[in-house]
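Good morning, and thank you for joining this part of the meeting. Please look at the sequence and the structure as I go through them.

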Amino acid sequence: MDLVANKWSLGVVDTLGAGPKRFTELKRSIEGISQRMLTVTLRGLERDGVLTRTVYAVMPPNVTYELTPMGRTLLDATRPVVQWSLANMAAIDAARAEFDSRPKQAPGNS
């Protein structure tokens, strides 16, 4: 469940759904992700068997990430949620801003 609940994992899986990508391509494609968070996320997804990391022995070294067959099943299962999130991002941001601007209430008071 941690894999699916992670903010960045589904974005990486969705982006890799279009095909193999290099690190820099992923970084450019996923708005707001830091280099460190992308590295941590990729390692976790590789560890979980969701993607493969291929290193090509060229100069400079070329590393490519690609979904595994299991990663493709995760993509199929989560793509509607990711698309819903992206389609509703502005409305979610507006709702959060409105909520955050309300006066703070003491716990238990409605």
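I begin with Leu26, which is in contact (heavy atoms within 4.5 Å) with Thr15, Leu16, Lys21, Leu38, Leu42 and Tyr65, leaving aside its neighbours within four places in sequence. This is a predicted model, in which local features need pLDDT of at least 70 and side-chain atom pairs count only at pLDDT 80 or more, while totals for chains, interfaces and linings use all residues. Residues are numbered from 1 along each chain as its sequence is written, and side-chain values use heavy atoms, with hydrogens and water left out.

Leu26 also belongs to the largest nonpolar core, which has 17 residues. Such a core is a set of buried Ala, Val, Leu, Ile, Met, Phe, Trp, Tyr and Cys residues joined through side-chain atoms within 4.5 Å; buried means under 20% relative accessible area, exposed over 50%, and partly exposed in between, with a 1.4 Å probe and protein chains only. The members that touch the most others are Val12, Val13, Leu16, Leu26, Leu42, Leu51 and Tyr65. At least two residues of this core come from each of α2 (9–16), α4 (35–47), β3 and α5. Helices here are DSSP runs of H or I with at least four residues, strands are runs of E with at least two, and both are numbered from the N terminus.

Let me stay with α2. Seven of its eight residues are buried, namely Ser9, Leu10, Val12, Val13, Asp14, Thr15 and Leu16.

Now the strands. β2 (residues 51–56) pairs with β3 in the antiparallel sense over six bridges, where pairing requires that DSSP find at least two bridges between the strands. A hairpin of five residues joins β2 to β3, and Leu51 stands opposite Leu67 in β3.

Which residues does Thr68 touch, not counting those up to four places away in sequence? They are Gly49, Val50, Leu51 and Thr52. Thr68 lies in the loop between β3 (62–67) and α5 (69–87). Thr68 counts as buried because its relative accessible area is 11%.

Finally, α5 leads us to the largest pocket, to whose lining α5 gives the most, with five residues. By class, this lining has ten nonpolar, five polar and five charged residues; Ala, Val, Leu, Ile, Met, Phe, Trp, Tyr, Cys and Pro count as nonpolar, Asp, Glu, Lys and Arg as charged, and the others, Gly among them, as polar.
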